[in-house]
Amino acid sequence: MAATSLLAAASVLALAAQAAPTTTQQQPAAPPAAPPRDDVVVTGARSDVVGSTDRLSFNVANDLNVQNGTLADALRAVPGVDVDLDGRVSLRGDPGVTIMIDGRPSALLRGESRGDALQSMPAGQIERVEIITNPSAAMSPEGAGGVINLVTKQVRKGARYATIRAAAGPLGRGNVSANGALSGKKLTLTGDVAYRRFRSETEATLDRERTDPATGITVRTRQVSEVEPVMAMHSARVGAEYNMSANSKLTGDLSYRAGTQDISRIDRSVSDLPAATFDRTADMDMRLRSLGARTSWRRTLPGRGHELVVDLEVEQLQQRRRIDGATDFASAPWSFEQIATDIDRTDIDSRIDYKRPIGTGSLNLGYEGDYNMAAFDFRGVRGGSLDALAPVPSLTNRFDFDQAVHAFYGTYQIDLGKWEMQLGLRGEQAVLDIDQRTDAVRIQRDYFRLYPTAHVGYELSATEQLRASYSRRIQRPSGQDLSPYTIYLDPLNLRRGNPFLRPELTDSFEASWQRRKGGTFYSLTAFFRTSRDGVTDVVEDIGNNVFLNTRANLATGERIGMEAVLSGRLSKKLTYNASGGFLWNEIDPRQAGVSRRRSGTTGTARASLTWQPSARDFVQLSGNYSGPQLIAQGYRKPGGIVNVGYRRKIDDRFSLTFTGQNILDTAQQETVIDTPQLRDRIRQKGPGPILLFGLTWNLGAQTARKRPEPGFDFDQSATAPVG
């Protein structure tokens, strides 16, 4: 399957290059289709901002650090989103985030593998990032914090082109990608291949104080970890769109993604307890592989906005993880271990969506089925030598997880002049099957819930609008969150899921003001969220100075905040984009070893300047800052980074780029856990400045016809998903 996808993608690229004309022939520009009345559009040098009923869309196609970077870089480029050094994503301080590609879920972007995938998958094909904090009922309510949709570049009719990009930097870092398209009257073919390699050297320090509640004695431990990861990701995709008739269109694509992560790690622990004093070396080998296929049929019916869409997607994911370690304890003989974890997952998503106009409004009805099947295989052996390794029962287990969600939804949108309104209701039946095969224990659950949504808009003037919205969201625990078995991290730290976790429910309210005038866009949003049964990380002392990282439900949580977005032009050659947010957060972590409610405030800020001194030169300077973040048992300290970028256009085919991420070497993360019995301070240093020098080579051209602004209907026609 992988070889077939690579060969097919290469064939499309070759055909595109052969068909490309030697000179670019400009066609007469067709007038763009008028965007919907409720869209707010502004074009800037760095990012276009589009505001619609339930989302803000940020164009990142001209962000050089995004186009040379990863999906994590694309997320860091937009307001309200934070991605930490481990790839954990939060939206307005809430880690319950669903990430989609072109409106569809991806197995790679779910569960434990998401952080690794975000930090290794290239973002060169990402055009826009949509932030959807209060989606309508037509979209899954999964994700308590909201939905982030990564929208890939579309292909214009009549396009025949291929684009090749390559970049390289110190420490063997680099990436290369190619994408192309052939578009005819009825058939459009697209393809892309990509490879990215990233090597870094990082360090983490853990200072821990544990107080025995019975004796009052405090034990201090310091653990220093030196980590050298080498990550690589390669991918291929082929897609086709066929216009069966003037009213019917069929699309489909096949994709293959694979990644490796080889990590060398050295741990040194010094403690008041001899049993917690050791030196350890370990090599970890991780392998990811994903195969996906999807198809969509769209039928246009009589009447404007009258259509039927049927979607089907199947994706299989394999994740392999192996650790070979050797530990020299101060008070015990050497210990050798081999720990392995295998995960096999299959996701099947189906959807039937029907829209039709009714009077001055529009009705949307549909069904969505989401099926997730995962098998976990944990194996662990340990001994005094490599020839005397014996199975460890607590690390050798089998666990199966199946979940099916059946959803029926309906929305009705009506336009009343200056007023617009959309009401929606979604009903979901979830069926959960947890099979602890090793212990022969099976847990089955099912529940039905309703998710109402409401969106209201009022046009103050031709340039200003007010909007308000409400939605109910859910955050279901993943299979690994529910897995009851132990994952070995090092002699002092273990990780385990919790099979009794409940899903988190969130009620979200928002009100916003938006203004556009000429080349400027301003937005101010106030939001309030209240959650119950929130799932969070918890550290527990299980004795002998060994600590277990697990998951637990919070009693309640509340978030109140404001967010501002500004975009415009300071002069003919200088544009800006800026955003900032303020958040007050309160949680009740009484199940996490803390007996009182805790609250805190934080803020975020992002800004970028784009300077185009000539038609050939393009310069960018950007930075972001995230304030302290409240967690169940403590907080994370603030931090920020500064990025630069430069592009030099040689001619219509060639351009050179330079990007520098974290140029001041400020990327670091410090987490503090403070409970009556446990005080942790964890410092993680980032990979240092990331410098890349790149080349872009264009063959052929797209037509000069300007395409309409996005309608946010997740049209899959001729898309080029992420490589």
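Tutor: Among contacts in the protein between residues at least 6 apart in sequence, 68% join residues at least 24 apart. Please keep in mind throughout that this is a predicted model.

Student: How many helices and strands are there in the protein, and what share of its residues count as buried?

Tutor: The protein has 5 helices and 41 strands. It has 723 residues, and 54% of them count as buried.

Student: How should I read a pair of aromatic rings, and how many aromatic pairs does the structure hold?

Tutor: In general, one describes a pair of aromatic rings by how far apart the centres are and by the angle of the planes. The structure holds 10 aromatic pairs. One of them joins Phe376 and Phe399, whose centres are 5.3 Å apart and whose planes stand at 40°, a geometry that counts as tilted. This pair links distant parts of the chain, since Phe376 belongs to strand S19 (residues 361-383) and Phe399 to strand S21 (residues 397-416), 23 residues apart.

Student: Are Phe376 and Phe399 buried or exposed?

Tutor: Phe376 has a relative accessible area of 3% and is therefore buried, and Phe399, at 0%, counts as buried as well. Ring pairs also bring in Phe378, so that Phe376, Phe378 and Phe399 are linked into a cluster.

Student: Which geometry do the rings of Trp419 and Tyr458 have, and where do these two residues lie?

Tutor: The ring centres of Trp419 and Tyr458 are 4.7 Å apart with the planes at 45°, so this pair is tilted. Trp419 sits in strand S22 (residues 419-436) and Tyr458 in strand S23 (residues 441-459), which means that the pair ties together parts 39 residues apart in sequence. Both residues are partly exposed, Trp419 with a relative accessible area of 46% and Tyr458 with 27%.

Student: Which arginine lies over the face of Phe547, and which one lies over the face of Phe618?

Tutor: Over the face of Phe547 lies Arg208, at 3.8 Å from the ring centre, while Arg647 lies over the face of Phe618, at 4.6 Å from the ring centre.

Student: Let us turn to charged side chains; how many salt bridges does the structure hold?

Tutor: The structure holds 53 salt bridges. In one of them the side chains of Glu307 and Arg298 meet, with a distance of 2.8 Å from N to O. Glu307 counts as buried at 14% relative accessibility, and Arg298 is buried with a relative accessible area of 10%.

Another salt bridge joins Asp342 and Arg320, whose closest N and O atoms are 3.9 Å apart. This pair links distant parts of the chain, with Asp342 in strand S18 (residues 335-358) and Arg320 in strand S17 (residues 307-329), 22 residues apart. Asp342 is buried, with a relative accessible area of 16%, whereas Arg320 counts as partly exposed at 28%.

Student: Why does Arg636 have no salt bridge with Asp84?

Tutor: A salt bridge requires the nitrogen and the carboxyl oxygen to be within 4 Å.

Student: Which backbone feature is noted for Leu171 and for Asn662?

Tutor: Neither residue is a glycine, yet Leu171 has a positive phi of about 65° and Asn662 has one of about 55°. Leu171 lies in the loop between strands S10 (160-168) and S11 (174-183), and is partly exposed at 39% relative accessible area. Asn662 lies in the loop between strands S38 (654-661) and S39 (668-674), and counts as buried at 4%.

Technical notes: Residues numbered from 1 in each chain as written. Predicted model: local features only at pLDDT ≥ 70, side-chain atom pairs only at ≥ 80, totals over all residues. Heavy atoms only, no water. Helix = DSSP H or I, 4+ residues; strand = E, 2+ residues; numbered from the N terminus. Buried < 20%, exposed > 50% of the residue type's maximum accessible area, 1.4 Å probe, protein only. Contact = heavy atoms within 4.5 Å. Phe/Tyr/Trp six-rings, centres within 6.5 Å; stacked < 30°, edge-to-face > 60°. Lys NZ or Arg CZ within 6 Å of the ring centre and 35° of its normal.
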